[in-house]
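Please look over the structure shown below before reading the notes that follow.

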Amino acid sequence: MADKKTIGIYKEYLKEHLSKKRYTHSVNVANSAVELAKRYGADTDKAYVAGLLHDVAKEIPSLELAAIVSKSTLDVCDIEKKAVPLFHGIAGAELVQTLFDIHDPEIISAIRYHTVACGNMPKLSQIVYLA
Ligand SMILES: [Fe+2]
């Protein structure tokens with residue numbers, strides 16, 4: 001999975017694009033996700049990456065988020081299309097693919113669904129949601 005250098009690149013991006021408070025939150029979620037992954041038998045590396053990047057789009061202005069969501073190839077329901085606070089999960093899942101070439105379906109799902117709890121969430125998505 002992601003090596004130390006790659007994690008450093010992710011962290012540098014987050015430091016540049018998030019407030020200090022949001023960055024700290026992201027690191028804390030990543031660490032909590034690893035602990036939950038250990039407890040529930042999920043991939044700890046994927047948990048760290050998904051936890052770290054789950055809010056990568058959190059501080060993007062609403063209009064930009066809306067533009068990303070409107071072009072998203074992810075499954076976005078009508079309710080989500082009207083719920084601005086949920087946009088950053090969808091946009092984040094899109095951004096990590098284009099910014100960091102992350103295409104692991106578990107990581108994408110965990111970022112995409114971290115704002116909503118839905119019935120059939122994969123284990124890693126449940127972990128990041130809880131973390
Ligand atoms: Fe979030």
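Arg112 and Glu80 join their side chains in a salt bridge, with N and O 2.7 Å apart, where a salt bridge is a side-chain nitrogen of Lys or Arg within 4 Å of a carboxyl oxygen of Asp or Glu. Because Arg112 belongs to helix H7 and Glu80 to helix H5 (residues 78–81), this pair ties together parts that are 32 residues apart in sequence. This is a predicted model, in which local features need pLDDT of at least 70 and side-chain atom pairs count only at pLDDT 80 or more, while totals for chains, interfaces and linings use all residues. Residues are numbered from 1 along each chain as its sequence is written, and side-chain values use heavy atoms, with hydrogens and water left out.

**Salt bridges**
- The structure holds six salt bridges, and in the one described above both Arg112 and Glu80 are buried (buried means under 20% relative accessible area, exposed over 50%, and partly exposed in between, with a 1.4 Å probe and protein chains only).
- Asp104 pairs with Lys46 in a salt bridge whose closest N and O atoms are 2.9 Å apart; since Asp104 sits in the loop between H6 and H7 and Lys46 in helix H3, the pair ties together parts that are 58 residues apart in sequence.
- Asp104 is buried at 19% relative accessibility, and Lys46 is buried at 14%.
- The side chains of Glu12 and Lys15 also meet in a salt bridge (3.8 Å, N to O), and these residues, three apart in helix H1, are separated by about one helical turn.
- Glu12 is partly exposed, with a relative accessible area of 41%, and Lys15 is partly exposed at 47%.

**Iron site**
- The iron ion has Asp55 (OD), His88 (NE2) and His114 (NE2) as its protein donors, 2.1 to 2.2 Å away (donors are N, O and S atoms within 2.8 Å of the metal, or 3.2 Å for Na, K and Ca; water is not among the atoms, so sites may look incomplete).
- Asp55, in the loop between helix H3 (44–53) and helix H4 (62–71), and His114, in the loop between helix H7 (105–112) and helix H8 (123–130), are 59 residues apart.
- Asp55 is buried at 3% relative accessibility, and His114 is buried at 12%.

Methods:
Helices (H or I, at least four residues) and strands (E, at least two) are DSSP runs, numbered from the N terminus.
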